[in-house]
Amino acid sequence: MSLFVFLERLFQGLKDSDLCVCGMAFHGKVVQTMNPVAASYDYLVANSDFLQTFETGVMNSTCNKLYKLSIIRHYNIQFPDAKVGEDYLFNLEYLQHIERVNYISEVLYHYDNTQSTLTRQASEEMFQTYYKTQLLMEQ
């Protein structure tokens with residue numbers, strides 16, 4: 001699939017929402033996807049299928065999403081100063097400020113992760129990032 005098709009589909013999904021998310025695959029293995037849905041953030045947070053997507057990594061990454069720059073600027077949302085988990089923390093911050101998410105179940109993004117990436121290396125910083133994440137989720 002071309003970059004143009006990938007962006008075009010995400011852009012179409014962003015027209016009636018604040019965030020558009022597509023399905024993704026890791027090393028050719030499709031992670032759990034949801035049925036297509038355009039719904040309020042409150043509805044999605046109450047939806048166990050949506051919450052389970054965090055466990056699969058679909059919601060953790062920024063690679064399979066299209067965001068509204070106006071929201072990012074209005075709330076001054078920035079990537080935290082972290083070596084690992086910064087995408088996840090960015091997404092959690094962004095999700096706190098939106099009303100509607102459009103989820104496309106089609107796998108449009110293919111991620112080829114390797115053992116040498118930072119996210120595969122355990123560290124104290126990684127632990128602290130995930131700990132902070134849990135604190136944010138409890139708010």
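Biologist: Let's begin with Tyr94. Which residues does it touch, leaving out those up to four places away in sequence?
Modeller: This is a predicted model, to be clear. In it, Tyr94 touches Asp18, Leu19, Tyr67, Lys68, Ile71, Ile72 and Ile77, with residues up to four places away in sequence not counted.

Biologist: And the largest nonpolar core, which residues have the most contacts inside it?
Modeller: Those are Leu19, Val21, Tyr94 and Ile98, in a core of 15 residues. The elements giving two or more residues to this core are β1 (19-26), α4, α5 and β5 (100-111).

Biologist: What about a second core, which residues does that include?
Modeller: There's a separate one of 7 residues, and Leu10, Cys22, Ile104 and Leu108 are among them. As a general point, nonpolar side chains tend to be buried together in soluble globular proteins.

Biologist: Back to α5. How many of its residues are buried?
Modeller: 7 of the 10, so α5 is largely enclosed by the rest of the structure.

Biologist: Which ones?
Modeller: Tyr88, Leu89, Phe90, Asn91, Leu92, Tyr94 and Leu95 are the buried residues of α5.

Biologist: Changing topic: Asn76. Where is that?
Modeller: Asn76 is in the loop between α4 (69-74) and α5 (86-95). Its phi is near 50°, which is positive, and Asn76 is not a glycine. Most residues other than glycine have a negative phi.

Biologist: Is Asn76 buried or exposed?
Modeller: Exposed, because its relative accessibility is 53% and the cut-off for exposed is over 50%.

Biologist: OK, zoom out. What's the order of elements from the N terminus?
Modeller: They run α-β-β-β-α-α-β-α-α-β-α, which comes to 6 helices and 5 strands.

Biologist: How much of the whole protein is buried?
Modeller: 37% of the 139 residues count as buried. The protein exposes about 8,400 Å², with carbon and sulfur atoms supplying 52% of that.

Biologist: And the contacts, what share comes from residues 24 or more positions apart?
Modeller: 75%, taking the contacts with a separation of 6 or more.

Key. Residues are numbered from 1 along each chain as its sequence is written. This is a predicted model: local features need pLDDT of at least 70, side-chain atom pairs count only at pLDDT 80 or more; totals for chains, interfaces and linings use all residues. Side-chain values use heavy atoms; hydrogens and water are left out. Helices (H or I, at least four residues) and strands (E, at least two) are DSSP runs, numbered from the N terminus. Buried means under 20% relative accessible area, exposed over 50%, partly exposed in between (1.4 Å probe, protein chains only). Contact means heavy atoms within 4.5 Å. Accessible areas come from the Shrake-Rupley method with a 1.4 Å probe; for residues, only the protein chains shown count as cover. A nonpolar core is a set of buried Ala, Val, Leu, Ile, Met, Phe, Trp, Tyr and Cys residues joined through side-chain atoms within 4.5 Å.
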